[in-house]
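Student: Could you take me through this protein with some questions and answers, please?

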Amino acid sequence: MRYLSTRDHDQTTTSFCDILLEGLAPDGGLYLPEQYPTIGAADLDRWRNLLNERGYAALAADVLTLFIDDIPAEDLKDICARAYCTPKFSEDDIVTVKHLEDDIYIGGLSYGPTAAFKDMAMQLLGELFEYELKRRNQVLNILGATSGDTGSSAEYAMRGRDGISVFMLTPRGRMTAFQQAQMFSIADPNVVNMAVDGVFDDCQDIVKDVSRDLQFKRTWSIGAVNSINWARLMAQIVYYICCWIRLTEQVDPSQRNTTAVSFAVPTGNFGDVCAGHVARTMGVPIDRLIVVTNENDVLNEFFTTGVYRVRSAEQTLATSSPSMDISKASNFERFIADLLGRDAARIDDLFGNQLTVEGYFDLSADPAFATVESEYGFLSGRSTHQDRLATIRTSWENSGIMVDPHTADGVKVARELTAGGTVTTPIICLETALPVKFADTIKEATGRLPDTPERFQGIEDLPRHVVDVPNDTQSVKDIIANTLTPQE
Ligand SMILES: *Cc1c(COP(=O)(O)O)cnc(C)c1O
């Protein structure tokens with residue numbers, strides 16, 4: 001399996017381990033497999049057996065061999081076994097599917113160390129990074145931006161690892177008390193938290209800025225773990241397969257492989273749902289992929305109108321599903337590249353030119369846009385604060401299941417689409433975080449506080465490790481340079 005950048009006119013291909021340690025491609029594009037692997041009934045059967053007999057880690061290792069040909073299969077098995085195990089994950093099953101109501105299910109992805117689905121990718125990434133850095137005798141300094149969950153997930157995956165440091169930018173005051181506590185309580189010297197005077201997109205822009213400075217990147221061995229990293233997206237493909245297997249377990253064996261399920265995916269940077277798109281393209285029986293946004297509905301706008309109009313930082317609302325508060329979706333370029341037949345020149349023009357100059361592009365008149373639903377299975381919907389509250393409350397009252405505000409956005413849209421008959425297959429709503437991370441909203445919705453799992457008790461009382469920085473790239477560079485010794 002070789003990889004190439006969405007914007008590379010010359011179609012230069014690279015191996016998995018070479019892109020593993022990078023963020024954006026040098027041309028500003030995103031890496032994608034040259035071609036997605038295609039799978040059939042035999043693969044689905046093998047995966048079901050693997051999952052049922054040997055567990056999630058074994059399934060993951062098998063799926064990942066389709067994408068990674070420069071790590072021996074035996075090593076990959078060990079890597080996955082270390083990434084997906086208890087007590088790092090609080091559930092033996094790692095990923096669960098439970099019934100919510102009618103034809104709606106919850107895909108439990110948040111049993112990892114930070115109680116968010118991002119651990120599913122990040123725990124694997126931590127292992128892959130350590131493995132590959134050792135092999136190359138290199139060090140890596142991870143620079144990332146987070147609106148809450150990515151950062152803590154990355155820090156918990158990388159803390160204490162030899163040869164790895166983490167510099168994480170957060171939008172000051174825009175995370176919940178629990179999220180802040182999770183990140184800022186980390187005392188490991190290889191983890192540096194920075195609170196930027198701005199919103200998440202400002203943080204992300206700084207990261208992109210630094211990454212464009214190739215000299216700086218090289219001197220300080222800067223890499224990324226934000227959601228544009230291909231390996232993260234790849235890791236997420238596995239749980240779509242796992243959820244499908246678990247939900248179809250009760251189906252008659254002769255019907256299983258033709259039983260499709262749909263997914264409702266609370267979306268921010270389009271990483272999670274893009275993994276679903278790859279799984280579907282490979283041949284996993286997925287009917288609909290439902291892109292769910294909150295009030296920051298850039299993506300819902302695209303899927304309903306064909307116009308992708310990014311917002312400015314000032315136009316980005318701070319909502320009660322904060323991990324979806326984005327104004328441009330950093331992984332979206334990957335799907336558009338597929339939609340437009342991997343036309344690198346056109347992608348370069350849309351994302352490298354039109355979006356920066358005009359602030360939008362319009363595909364409504366392009367024949368490809370008509371295939372977004374018919375061929376790619378996408379639907380979309382939007383949810384507001386009031387919807388979120390009502391959904392959290394009714395799920396709790398009717399089913400005794402407490403969902404976090406992001407998951408609630410997914411459930412809200414899933415209910416609409418099943419009730420209206422638009423979706424006729426079972427919908428798995430991906431649970432992107434546990435309620436404990438968003439206590440205020442849960443309280444507002446249900447009048448009670450979410451349970452705090454044992455492992456998180458007392459976390460908000462620990463000392464905080466964080467530095468305040470202004471909203472500018474140079475200040476961030478200075479902190480990195482002052483913390484590290486140069487590698488060359
Ligand atoms: C990151 C995150 C999302 C959005 O995921 P993307 O991959 O950015 O689309 C949704 N909910 C929660 C809780 C998250 O942490």
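This is a predicted model: local features need pLDDT of at least 70, side-chain atom pairs count only at pLDDT 80 or more; totals for chains, interfaces and linings use all residues.

Tutor: Residues are numbered from 1 along each chain as its sequence is written, and side-chain values use heavy atoms, with hydrogens and water left out.

Student: Into which domains is the protein divided?

Tutor: Domain bounds come from an automatic or database domain assignment. The division gives domain 1 (3-116 + 229-439) and domain 2 (139-220 + 458-483).

Student: How many residues does the contact take from each domain?

Tutor: Contact means heavy atoms within 4.5 Å. Counted in this way, the contact draws on both domains, with 19 residues from domain 1 and 20 residues from domain 2.

Student: Which side chains meet in a salt bridge?

Tutor: A salt bridge is a side-chain nitrogen of Lys or Arg within 4 Å of a carboxyl oxygen of Asp or Glu. Between domain 1 and domain 2 the count is 1 salt bridge. At 3.4 Å, N to O, a salt bridge joins the side chains of aspartate 205 and lysine 328.

Student: How far apart do the C-alpha centres of domain 1 and domain 2 lie?

Tutor: This distance is taken between the C-alpha centres of the two domains. For domain 1 and domain 2, the separation is 25 Å.
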